[in-house]
Amino acid sequence: MTRIRLIVSGATGAVGRTLVPQILAHEDFELVGAIAGRSIGRDVGVALGLGEPVGVTIAPDFAAAIAGRTADVLVDYSTSEAAARNGLAALRAGVAVILGTTAVDAAAVEEMSRVAEERGVGLFLAPNLTLVGQVMFRCADLIRPYFGDVEVVEFHNSAKRDAPSGTALETAHRLDASRHPAETPDATARGLPDARGAVSGGVHVHSVRLPSFYSRHELLFARPGEMLTVIADQFTTEPLVGPTLKAARLLMSVRGAVRDLPGLFDPD
Ligand SMILES: NC(=O)c1ccc[n+]([C@@H]2O[C@H](COP(=O)([O-])OP(=O)(O)OC[C@H]3O[C@@H](n4cnc5c(N)ncnc54)[C@H](OP(=O)(O)O)[C@@H]3O)[C@@H](O)[C@H]2O)c1
């Protein structure tokens, strides 16, 4: 099997510091670049406290990370602004992108999708790369035709920068796009303006931020007298590693932007 050469943007973040050691330990993948906001110029192994240098220096952006090297995929778990910039630069250079970063500006995603199409490289729009998240998306598609009324509640750690979460927005997008019965009219006429949450694609989304949470999404489907709840809990960054690496391999044969990678969660 050919080794896939990866650049990780956000290499020193919560996701990056779980992902990088697993890439280094994996014989099918090669870490050829690392990008972060700080620690520029330091060896990523040293910066992550892995015990020894690994020969990859932390770069401030994609251009510096790729200089003098060849890469197949940019794996991005950074910030929305950095992901928009580096993702576009990678696609223009013919490098596929896994956009794990959330809250990237819609116009930037559109531009990235256009460039991916034009250059014939893969762009995976992946706001949730956990098995529970992906199965939750499928549950949403499956259940929606039976329920006109649904609301999304997401719970995250207080350190999260975006609200609602990218997963909640992706879920709302899917719930809106699926055929479904009419919603019960909302009788709310008085009270505080934000009490019913944000509305995306006609779906109410409520964001809770507390220091004890990592990530939970609840989909509340209701009909008069009955309710169906789907809950997806993620407690650590570990569940992202396997799907992210498998996505990198699958993305090698994709051209243009995709929201799903068939086979990603099938057993190997
Ligand atoms: N798709 C999914 O399933 C999934 C799951 C979890 C998280 N996420 C998303 O992934 C992103 C990262 O999450 P996280 O929890 O790892 O965040 P985090 O702990 O805050 O880490 C952010 C990373 O981005 C880096 N960064 C900051 N400025 C940068 C720049 N200008 N260029 C490149 N890198 C820069 C940070 O480096 P410094 O610390 O050096 O500044 C750090 O390495 C968020 O958007 C989050 O919502 C997605």
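1. Let's start with a helix pair: Ala84, Gly87, Leu88, Leu91 and Arg92 of H4 meet Ala108, Glu111, Met112, Val115, Ala116 and Arg119 of H5. "Meet" here is a contact, with C-beta atoms, placed from the backbone, within 7 Å. Helices are DSSP runs (H or I, at least four residues), numbered from the N terminus. This contact divides into seven nonpolar, one polar and three charged residues. For those classes, Ala, Val, Leu, Ile, Met, Phe, Trp, Tyr, Cys and Pro count as nonpolar, Asp, Glu, Lys and Arg as charged, and the others, Gly among them, as polar.

2. Before going on, a word on the source. This is a predicted model, where local features need pLDDT of at least 70 and side-chain atom pairs count only at pLDDT 80 or more, while totals for chains, interfaces and linings use all residues. Residues are numbered from 1 along each chain as its sequence is written.

3. How do H4 and H5 pack? Helix H4 (residues 80-92) and helix H5 (residues 106-119) have axes 9 Å apart, at an angle of about 10 degrees. That makes the two roughly parallel (angles under 35 degrees). Axes are lines fitted to C-alpha atoms, for helices over the stretch in contact, and angles run from 0 to 180 degrees between N-to-C directions.

4. Now the other pair. The axes of H6 (residues 131-143) and H7 (residues 166-177) come within 9 Å and cross at roughly 25 degrees, so H6 and H7 are also roughly parallel to each other. On the H6 side, Gly133, Phe137, Ala140 and Asp141 take part, facing Thr167, Glu170, Thr171, Arg174 and Leu175 of H7. By class, that contact has three nonpolar, three polar and three charged residues.

5. Gly133, in helix H6, is buried, with 23 other C-beta atoms within 10 Å (the cut-off is 20 or more). Leaving out residues up to four places away in sequence, Gly133 touches Asn128, Thr167 and Ala232.

6. Val20 sits in helix H1 (residues 16-25) and counts as buried too, with 26 C-beta neighbours inside 10 Å. Beyond four places in sequence, Val20 is in contact with Val8, Ala11, Leu31, Ala34, Val44 and Leu48.

7. Last, the ligand: 27 residues surround it, the closest being Gly10, Gly13, Gly37, Arg38 and Ala82. The shell has eleven nonpolar, 15 polar and one charged residues.

Terms used
A residue is near a molecule or strand if its C-beta atom, placed from the backbone, lies within 6 Å of it. Angles under 35 degrees count as roughly parallel, over 145 as roughly antiparallel, 65 to 115 as roughly perpendicular and the rest as oblique. Two residues are in contact if their C-beta atoms, placed from the backbone, lie within 7 Å. A residue is buried if 20 or more other C-beta atoms lie within 10 Å of its own, exposed if 12 or fewer, and partly exposed in between; C-beta atoms are placed from the backbone.
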